[in-house]
Structures are given as structure tokens and as C-alpha cells.
Amino acid sequence: MSRRPGLSVRLRLTLSYAGFLAVAGALLLAVVWGFLLRYVPDNSQGLLGISPNRYLLVHTFAPAAAAAMAFLLVFGLVGGWILASRMLAPLTRIAAAARVAGSGSLSHRIRMEGRQDEFRELADTFDTMLEQLESHVAEQQRFAANASHELRTPLAISQTLLDVARRDPTRDRDELLERLQAVNARAIGLTEALLVLSRSDRGAFGRESVDLSLVAEEAAETLLPLAEQRGIMLDVTGGTARTRGSAELLLRLVTNLVQNAVVHNLPADGTVTVHTGTRGGASVVRVENTGPPLPPDLVPTLTEPFRRGTERVRTDEHAGVGLGLAIVHSIVRAHDGALDLVPRPVGGLVVTVRLPHLP
């Protein structure tokens, strides 16, 4: 944005310092002059013919006062320029760091030394902002690269299947169509997951009163056939837990949690428990499942997009794309809630979602 040129802050501070010093000096000289002339007689002989009269004193004091004022003005300009330079030096460093960040380099930090003051607090805040911005940009770059890779895989498989069909017209057409349908369904699922993740990150949704117990029952009813197919006992307990948010996104949240709990479970005779209620002024959804033990260092990474540990990768028809818990985390964050993942000592995972309670 173009602006008209104006005086720099350094020059304005200098003029302010010099003007303040000149006004203070003028007031001091005026006070001295007024009190001095009050007690000096105004006659040609002076006091007893010895002391100088007012006329002589005025003509003697005026040049000295003018010289003092000129000295104060010059001293104020020079001293003000130096003081302004020293005061604005931290701001110059911050501006230089901002220009470096504006050019695309987010790794630069000010790291201003010295005691705490307003400029150093501003510099520390700017460093913190740069650190968070760099982390966010790096996360978005990783997300874009992973999303491109995940989307490229089904497209490449589809292209390969089409090439095979073109070269070998006698190949079983039903098998080819079935495989193409599976690959296409995976691509559609990934695209829908990316759209949900983007929507929840932007917070672009309406808010209404939602009962999490009803949401949990609906999610469990939807996934009950999958649980029965795997020999998993799915149980919903607890009571009413109201919050304010998007019913669609909250249903997706609970559905993802229950589906993860069913898929990443024991081969047989596993359990999944979904509990809803209120605790500590928050509406709570807790999903607990049996399963293989999880390494402690793996659990904190499960909410990262496309992050899947080797213990949680599925090779069957329910293989995920690594966005289930990432979507859950994003939805929870968009609803001003908290997400806790705790591995069970005997194996499995306990996921607790806390959302603001709506009385």
C-alpha cells in the first residue's frame, strides 16, 4: 500500500526531545528573569548609585539568555538524535527480522539480549510467532506432500489396471471392475476425509445443541455390523452429555473413534466401550478398546495426519489413510475441546474427548 512520505520516528523523537528541552529552558529563564527584575529599581542611578538599574541588567542578561537557549536547542537536537537512535535500535532489529520473514525465511530469530522491557517483550513475542508460523507451514507442507502421495497411489493403481485391461482384453472383466471400484472407493474416502479435515480446521460450520449420548448410539448402530463381523463386543454406556457444535462433525468424530477401536482390536473376542457423561463442567466421550500393546512413544503421534505406526497399519478392506484421529483432533480443536490418548497397560487405547458443556 502506497503512503505519502513523512518524518521518521527517529526525527520526530529528536524534535520532541529538543522542543521539550527548549521549552523547559525558556520557562526557567523566564522565571529567573521575572524574579530578578522584580527587585531591581528602574532608575538611572541604580540602588544607592552602586547597583545596576533594570535597563542595564536587561541588556546584560538578554544576550546570555539567548546564548543559553541556542545551546539548549543544539544540545537537545544532538542528544535527542543519539537517544532516539539508542531507543529505536531494538525496533530496527525487529523490523529487519520482519523483512527477512516476509521474504520467506521463517527460521530467523531476533533473540534480543538484555533485561526485560517493552521492546524485548515485543521481540520475544515476535520470535514465538515466527516459531509457531514455521511449525505450521512445515506441517502444512508435510500434509500437502502426504496427501499428494496418498491420492497418487489409487490413481496410479487405476492407471495400471486400465493399462492391463487394454493390453489383455481376455482378462476377467468382473475382477477388474471390482478392483477398480475398491480403488475408487478408497480415493473417494480419502478426498472426503481431506474435505472434512479442511472444513473443521477453518471452523466453517454452524453450531447447535448436540447430545453426545445420541451421537454415540448412532455411531455404534452404524458400526455394529463391522463389530459383529470381527467378533468385537460393542457397548454404549453413560448418560446425557450436551454440547454446542456441528452435529455432523461430532458424529464423524465419534464414528472415527469407534471405527478405530473396532479395527485396531484383538483378532477375536475384543471389546469396545463408548461412555458419555459430564465431568468437571465438560461433556465427555470416552472410547476404550482392547488390542495389542502400544509403544508409549507412538501414541502422541497418532493424531498427526497420515501418521501410522506399524502396529496400527491394516492390510484388509478396512485399511485407513491415516486421517481418522487427525480428523478427530481437528474437530475437537474446532469445538474448543481437549483430546487425550492413553494406552491401556494390558493393550489397547483409551481416547477421551472433553467438550464445553451446554446445560
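**A mixed sheet and the helices around it**

Threonine 352 sits in strand β7. Leaving aside residues up to four places away in sequence, threonine 352 touches Val284, Val285, Arg286, Ala338, Leu339 and Asp340, where contact means heavy atoms within 4.5 Å.

Some housekeeping. The model is predicted: local features need pLDDT of at least 70, side-chain atom pairs count only at pLDDT 80 or more, and totals for chains, interfaces and linings use all residues. Residues are numbered from 1 along each chain as its sequence is written, and side-chain values use heavy atoms, with hydrogens and water left out. Helices (H or I, at least four residues) and strands (E, at least two) are DSSP runs, numbered from the N terminus.

Now the sheet. In which order do its five strands stand? The order is β2-β4-β5-β7-β6, in an open sheet with mixed pairing. Two strands pair if DSSP finds at least two bridges between them. Why does one side of β2 and of β6 lack a neighbour in the sheet? Both β2 and β6 (338-343) are at the edges with a single partner strand each, so one side of each has no neighbour there. On average, neighbouring strands of this sheet are turned by 10° against each other, direction ignored. For angles like this one, axes are lines fitted to C-alpha atoms, for helices over the stretch in contact, and angles run from 0 to 180 degrees between N-to-C directions.

I will go through the pairs. Strands of a sheet pair through backbone hydrogen bonds, either parallel or antiparallel. Strand β2 (residues 232-238) and strand β4 (residues 270-279) run parallel and are joined by seven bridges. In this pair, methionine 233 is opposite threonine 271 in β4.

From β4 we move to strand β5 (residues 282-289): these two run antiparallel, with eight bridges between them. Here glycine 277 faces valine 284 in β5.

Proline 343 stands across from leucine 349 in β7. Helix α5 packs on the sheet and touches β2, β4, β5 and β7, and its direction makes about 170° with that of β2.

That brings in the helices. Helix α5 (residues 212-229) and helix α6 (residues 247-263) have axes that come within 9 Å and cross at roughly 40°. The pair is therefore oblique: angles under 35 degrees count as roughly parallel, over 145 as roughly antiparallel, 65 to 115 as roughly perpendicular and the rest as oblique. α5 passes α6 in a right-handed crossing. A crossing is left-handed if the near helix is turned anticlockwise from the far one by less than a right angle, and right-handed if clockwise. On the α5 side, the residues in contact include Leu212, Val215 and Leu223, and on the α6 side they include Leu250, Val254 and Val258. By class, this contact has 13 nonpolar, two polar and one charged residues; Ala, Val, Leu, Ile, Met, Phe, Trp, Tyr, Cys and Pro count as nonpolar, Asp, Glu, Lys and Arg as charged, and the others, Gly among them, as polar.

α6 also meets helix α7 (residues 324-334): their axes come within 9 Å and cross at roughly 145°. This crossing is left-handed. Among the residues in contact are Leu253 and Leu257 of α6 and Ile327 and Ile331 of α7. The contact of α6 with α7 has nine nonpolar, three polar and one charged residues.

Is α7 mostly enclosed or open? Eight of its 11 residues are buried, so α7 is largely enclosed by the rest of the structure. Among the buried ones are Leu325, Val328 and Ser330.

Last, some backbone angles. Most residues other than glycine have a negative phi. Just after α7, aspartate 336 has a positive phi of about 60°. Aspartate 269, in the loop between α6 and β4, has a positive phi near 60° and counts as exposed at 68% relative accessibility. Arginine 111 has a positive phi near 50°. Arginine 111 lies in the loop between α2 (54-102) and α3 (118-167), and it is exposed, with a relative accessible area of 61%.

How values were computed
Buried means under 20% relative accessible area, exposed over 50%, partly exposed in between (1.4 Å probe, protein chains only).
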